[in-house]
Amino acid sequence: MTYDEFSEKLSAYKDTVLRIAFAYCRNMSDAQDISQDVFLKLYTKAPDFSDSHQEKAWIIRVTINMCKNLLKLHFYSRREDLEENIPDKPQFRESELDLLQAVFKLPDKYRLVIHLYYYEDYSVSEISIATGRKISTVQTQLDRARRMLKKILVKENPYETTVQTNI
């Protein structure tokens, strides 16, 4: 892979990789480390892809696997995240912060499908390919995640009669 090809791929996928890693780890420093590792792996070990969809699915799969590997580490289970961990970055609008905090309260498998579906605009079939899950599993997880989000948002805003979400 030439430097120009790598630069092109870095520009195309850097935000997606960072957002997925952040959604999974809930920590910007860890997400940045994982992003660097993903692109290092892309530069050194990426197979030849027949199209950009395969390449993007591979990058997402590598990102998810690296996040899971980080979360499995012994030291990671013994540390505590800070509440102020939501970034003040342009990729998250101010109006979405309450919803984003609710999404962070979901279990990993639900948080990932919500993120890919709503924040990255993936279809259910694309999420299925990227995560290695069946389409019906992804649909079920999306449905359960929406219900959990609704409960979280209603619980946090008990005085509002309806919770307005884009979900």
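Which hand does the crossing of α3 and α7 have? In this predicted model, the crossing of α3 and α7 is right-handed. The overall make-up of the chain is described before this pair is taken up in detail.

The secondary structure amounts to 8 helices and 0 strands. Read from the N terminus, the order of elements is α-α-α-α-α-α-α-α. The chain has 167 residues, and 41% of them count as buried. Contacts were also sorted by sequence separation. Among those between residues at least 6 apart in sequence, 66% join residues at least 24 apart.

The packing of α1 and α2 is taken next. Helix α1 covers residues 3-25, and helix α2 covers residues 28-45. Their axes come within 8 Å and cross at roughly 140°. An angle over 145 degrees would count as roughly antiparallel. The angle makes α1 oblique to α2. The crossing of these two helices, α1 and α2, is right-handed. On the α1 side, the contact is formed by Phe6, Lys9, Leu10, Tyr13, Lys14, Val17, Leu18, Ala21, Phe22 and Cys25. On the α2 side, these residues meet Met28, Asp30, Ala31, Gln32, Ile34, Ser35, Val38, Phe39, Leu42 and Tyr43. By class, the residues of the α1 and α2 contact divide into 15 nonpolar, 2 polar and 3 charged.

Ser35 is one of the α2 residues in this contact. Its position is within helix α2. Is Ser35 buried or exposed? Ser35 has a relative accessibility of 9%, so it counts as buried. The cut-off for buried is under 20%. Leaving aside residues up to four places away in sequence, Ser35 touches Val17 and Leu18. Both Val17 and Leu18 belong to the α1 side of the contact.

Helix α2 also packs against α3. The axes of α2 and α3 lie 10 Å apart, at an angle of about 130°. The two helices, α2 and α3, are therefore oblique to each other. Their crossing, that of α2 and α3, is right-handed. From α2, the contact draws on Asp30, Ile34, Asp37, Val38, Lys41 and Leu42. From α3, it draws on Trp58, Ile59, Val62, Thr63, Met66, Cys67 and Leu70. Sorted by class, the contact of α2 with α3 has 9 nonpolar, 1 polar and 3 charged residues. Asp30, Ile34, Val38 and Leu42 of α2 meet α3, and these residues also take part in the contact of α2 with α1.

Glu55 is located in helix α3. It has a relative accessible area of 9% and is therefore buried. Beyond residues up to four places away in sequence, Glu55 touches Lys9, Tyr13 and Phe49. Lys9 and Tyr13 are α1 residues that also face α2. Leu42 is 13 residues from Glu55 along the chain, and their C-alpha atoms are separated by 9.6 Å.

The pair named at the outset can now be described. Helix α3 spans residues 52-72, and helix α7 spans residues 124-131. The angle between them is about 60°, and their axes are 8 Å apart. Helices α3 and α7 are therefore oblique to each other. The α3 side of the contact consists of His53, Ala57, Ile60, Arg61 and Ile64. The α7 side consists of Glu126, Ile129, Ala130 and Thr131. This contact of α3 with α7 includes 5 nonpolar, 2 polar and 2 charged residues.

Ile64, on the α3 side of that contact, has a relative accessibility of 0% and so counts as buried. What does Ile64 touch, not counting residues up to four places away in sequence? The residues touched by Ile64 are Ile20, Tyr24, Leu112 and Thr131. Thr131 belongs to α7. Ile64 and Cys25 are 39 residues apart in sequence, with a C-alpha to C-alpha separation of 9.9 Å.

The loop between α6 (108-119) and α7 contains Asp121. Asp121 is not a glycine, yet its phi is positive, at about 60°. Its relative accessible area is 64%, so Asp121 is exposed. Ile64, by contrast, is buried at 0%.

Definitions and conventions: Residues are numbered from 1 along each chain as its sequence is written. This is a predicted model: local features need pLDDT of at least 70, side-chain atom pairs count only at pLDDT 80 or more; totals for chains, interfaces and linings use all residues. Side-chain values use heavy atoms; hydrogens and water are left out. Axes are lines fitted to C-alpha atoms, for helices over the stretch in contact, and angles run from 0 to 180 degrees between N-to-C directions. Helices (H or I, at least four residues) and strands (E, at least two) are DSSP runs, numbered from the N terminus. Angles under 35 degrees count as roughly parallel, over 145 as roughly antiparallel, 65 to 115 as roughly perpendicular and the rest as oblique. A crossing is left-handed if the near helix is turned anticlockwise from the far one by less than a right angle, and right-handed if clockwise. Contact means heavy atoms within 4.5 Å. Ala, Val, Leu, Ile, Met, Phe, Trp, Tyr, Cys and Pro count as nonpolar, Asp, Glu, Lys and Arg as charged, and the others, Gly among them, as polar. Buried means under 20% relative accessible area, exposed over 50%, partly exposed in between (1.4 Å probe, protein chains only).
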